[in-house]
Amino acid sequence: MASSAQESAPARKLTKEERAEQRKKKIGPPIRYPFWFGGSASSMAACVTHPLDLSDAPKSMSGTFVHIVKTDGPLALYSGISASLLRQLTYSTVRFGVYEEIKSRYTKSGHEPTFPVLTAMAMTSGFLGGIAGNFADVLNVRMQHDAALPVNERRNYKHAIDGMARMAREEGALSWFRGWLPNSSRAAVMTAGQLATYDTFKRLLIDYTPLGDTLTTHFSASFLAGLAAATATSPIDVIKTRVMSSTQKQGILRIVGDIYKTDGLRWMFKGWVPSFLRLGPYVLPCSRARGLGKIS
């Protein structure tokens, strides 16, 4: 009778420490990679997803593609690739490197980072990365947006270095920091949406499903992290693009008011689909390159 009562008793819930120990057995010891792996992985991902990052030229993603290909040919879809790569080598290297370093030090102190702690780490890292890569982001927005403009309105930067020099000469060196606040705020939210949610989703999948540290787990966590990041950053992305593509100084509130008059509340999610399509491919290789496949 006692044996049958034990069999019918509900399974005891594991404590936080027991789950952490069980997770370590599933995934093995953590792997430490060089800080620049995240930036280099982002650069490779940018070569694939660059056409999806085109600014809001005509009305839709497909309309933008057709317009650019008809006007300037297929190679125009990679307009501004040098600025995109420069952006990843600065912005992504800093945010991934800082995040991994902070998380590693926190873990070594004997604590397991909770979701709020991971979010704070990611937002700090993203904000610093946004500042470091702001000049390249301005160039990236302008060079991508060029293909959607009438020929007489284009800036025609030859490459990222030419763009930097011309911006400094024609608009002053401070133009490199145009839109730094919305850009850094967007980077903070983006990094929290990508890295903190990726780590958390992956941890939940390993703790509460039969999945171990497998490719299926990483794809699932990447998909959910990309969904969260694209949704959270969409409104900031629209504002950032408008600020950086302009040569005039306009307040953020005025820009939001103008966009709202034109598009209504839909402006908050303008470009959400291409943003989501490119974020998934970014999260997986970048997280693997940073060693996040192993939770310490």
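Glu101 is partly exposed because its relative accessible area is 30%, partly exposed meaning between the limits for buried (under 20%) and exposed (over 50%), with a 1.4 Å probe and protein chains only. The model is predicted: local features need pLDDT of at least 70 and side-chain atom pairs count only at pLDDT 80 or more, while totals for chains, interfaces and linings use all residues. Residues are numbered from 1 along each chain as its sequence is written, and side-chain values use heavy atoms, with hydrogens and water left out.

- Glu101 forms a salt bridge with Arg105 at 2.8 Å, N to O; the term stands for a side-chain nitrogen of Lys or Arg within 4 Å of a carboxyl oxygen of Asp or Glu.
- Both Glu101 and Arg105 belong to helix α5, four residues apart, or about one turn of the helix; helices are DSSP runs (H or I, at least four residues), numbered from the N terminus.
- Arg105 counts as exposed because its relative accessible area is 60%.

**Salt bridges between helices**

- By the salt-bridge rule, the count comes to seven.
- Asp137 and Arg87 are both buried.
- Arg142 and Glu171 also meet through their side chains in a salt bridge, 2.7 Å from N to O.
- Arg142 is in helix α7 and Glu171 in helix α8 (residues 160-171), so this pair ties together parts 29 residues apart in sequence.
- Arg142 is buried, at 1% relative accessible area, whereas Glu171 is partly exposed at 27%.

**Packing of helices α6 and α9**

- Two packed helices are described by the angle between their axes and the distance between the axes.
- The axes of helix α6 (residues 115-132) and α9 come within 7 Å and cross at roughly 145°; axes are lines fitted to C-alpha atoms over the stretch in contact, and angles run from 0 to 180 degrees between N-to-C directions.
- The residues of the contact of α6 with α9 comprise 11 nonpolar, nine polar and two charged; Ala, Val, Leu, Ile, Met, Phe, Trp, Tyr, Cys and Pro count as nonpolar, Asp, Glu, Lys and Arg as charged, and the others, Gly among them, as polar.

**Trp180**

- Trp180 is found in helix α9 (residues 180-208).
- Trp180 is partly exposed, at 39% relative accessibility.

Definitions and conventions: Helices (H or I, at least four residues) and strands (E, at least two) are DSSP runs, numbered from the N terminus.
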